[in-house]
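Trainee: I have a sequence and a set of coordinates on screen. Please show me how to read the features.

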Amino acid sequence: MAEDTKQHIRIHVYDQDFDIAVKPEQEPLYRKAAKFITDRYNKYAEMFKSHKSDHTIALMTLIDIALLYEIERQKNDVAPYDSTLKRLMDEMDKVLAGK
């Protein structure tokens, strides 16, 4: 199977079905993502359906998911360590060159 071969799948998010083309190895990820979104939306809908619009509930869900994404992204951000590692490497080079 070629690298760029995609398959068409149908996923269900909250109250809507989507037909999408995905790489076969990513299908489980799309299905998990759809379930995650639906579960989060349902959580907010249960709490606020009587006094918030569907649009507002959807935006609250997006904020929740975006926050989780940013927290995970910060965990994987190595940029703050780059300058420290460079400084340590420079110091090690100086010490080793001095021997």
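Mentor: Ground rules come first. This is a predicted model, in which local features need pLDDT of at least 70 and side-chain atom pairs count only at pLDDT 80 or more, while totals for chains, interfaces and linings use all residues. Residues are numbered from 1 along each chain as its sequence is written, and side-chain values use heavy atoms, with hydrogens and water left out.

Trainee: In which sense do S1 and S2 pair, and over how many bridges?

Mentor: Start with the labels. Strands (E, at least two residues) and helices (H or I, at least four) are DSSP runs, numbered from the N terminus. Two strands pair if DSSP finds at least two bridges between them. Here S1 spans residues 7-13 and S2 spans residues 16-22. They pair in the antiparallel sense over seven bridges.

Trainee: Which residue in S2 is the bridge partner of Val13, and which of His8?

Mentor: Val13 has Gln16 as its bridge partner. For His8, the partner in S2 is Ala21.

Trainee: How many residues lie between S1 and S2 in the hairpin?

Mentor: Two residues separate the strands of this hairpin. Tyr14 sits in the loop between S1 and S2. Its phi is near 55°, a positive value in a residue other than glycine.

Trainee: Is Tyr14 buried, partly exposed or exposed?

Mentor: Tyr14 comes out at 27%, so it counts as partly exposed. Compare a residue within the strand. Ile9 belongs to S1. At 6% relative accessibility, Ile9 is buried.

Trainee: Which residues does Ile9 contact, beyond its neighbours in sequence?

Mentor: Contact means heavy atoms within 4.5 Å. Leaving aside neighbours within four places in sequence, Ile9 contacts Phe18, Asp19, Ile20, Val22, Glu27, Tyr30 and Arg31.

Trainee: On to the helices. At what angle do H1 and H2 pack, and how far apart are their axes?

Mentor: Two packed helices are described by the angle between their axes and the distance between the axes. Axes are lines fitted to C-alpha atoms, for helices over the stretch in contact, and angles run from 0 to 180 degrees between N-to-C directions. In this model, H1 (residues 27-48) and H2 (residues 54-75) pack at about 130°, with axes 9 Å apart.

Trainee: Why are H1 and H2 called oblique?

Mentor: Under 35 degrees counts as roughly parallel, over 145 as roughly antiparallel, 65 to 115 as roughly perpendicular, and the rest as oblique. H1 and H2 are therefore oblique to each other.

Trainee: Is their crossing left-handed or right-handed?

Mentor: A crossing is left-handed if the near helix is turned anticlockwise from the far one by less than a right angle, and right-handed if clockwise. The crossing of H1 and H2 is right-handed.

Trainee: Which residues meet there?

Mentor: On the H1 side they include Phe36, Ile37, Arg40 and Tyr44. On the H2 side, Thr61, Asp64 and Ile65 are among them. The contact residues divide into eleven nonpolar, one polar and four charged. In this scheme Ala, Val, Leu, Ile, Met, Phe, Trp, Tyr, Cys and Pro count as nonpolar, Asp, Glu, Lys and Arg as charged, and the others, Gly among them, as polar.

Trainee: Are Thr61 and Asp64 buried or exposed?

Mentor: Thr61 is buried at 3% relative accessible area. Beyond four places in sequence, Thr61 contacts Ile37, Arg40, Tyr41 and Tyr44. Asp64, also in H2, is buried at 11%.

Trainee: What does Ile37 touch?

Mentor: Ile37 lies in H1. Not counting residues up to four places away, Ile37 touches Val13, Thr61 and Ile65. At 33% relative accessibility, Ile37 is partly exposed.

Trainee: And where is Ser50, and is Ser50 buried or exposed?

Mentor: Ser50 is in the loop between H1 and H2. Its relative accessible area is 72%, so Ser50 is exposed.

Notes: Buried < 20%, exposed > 50% of the residue type's maximum accessible area, 1.4 Å probe, protein only.
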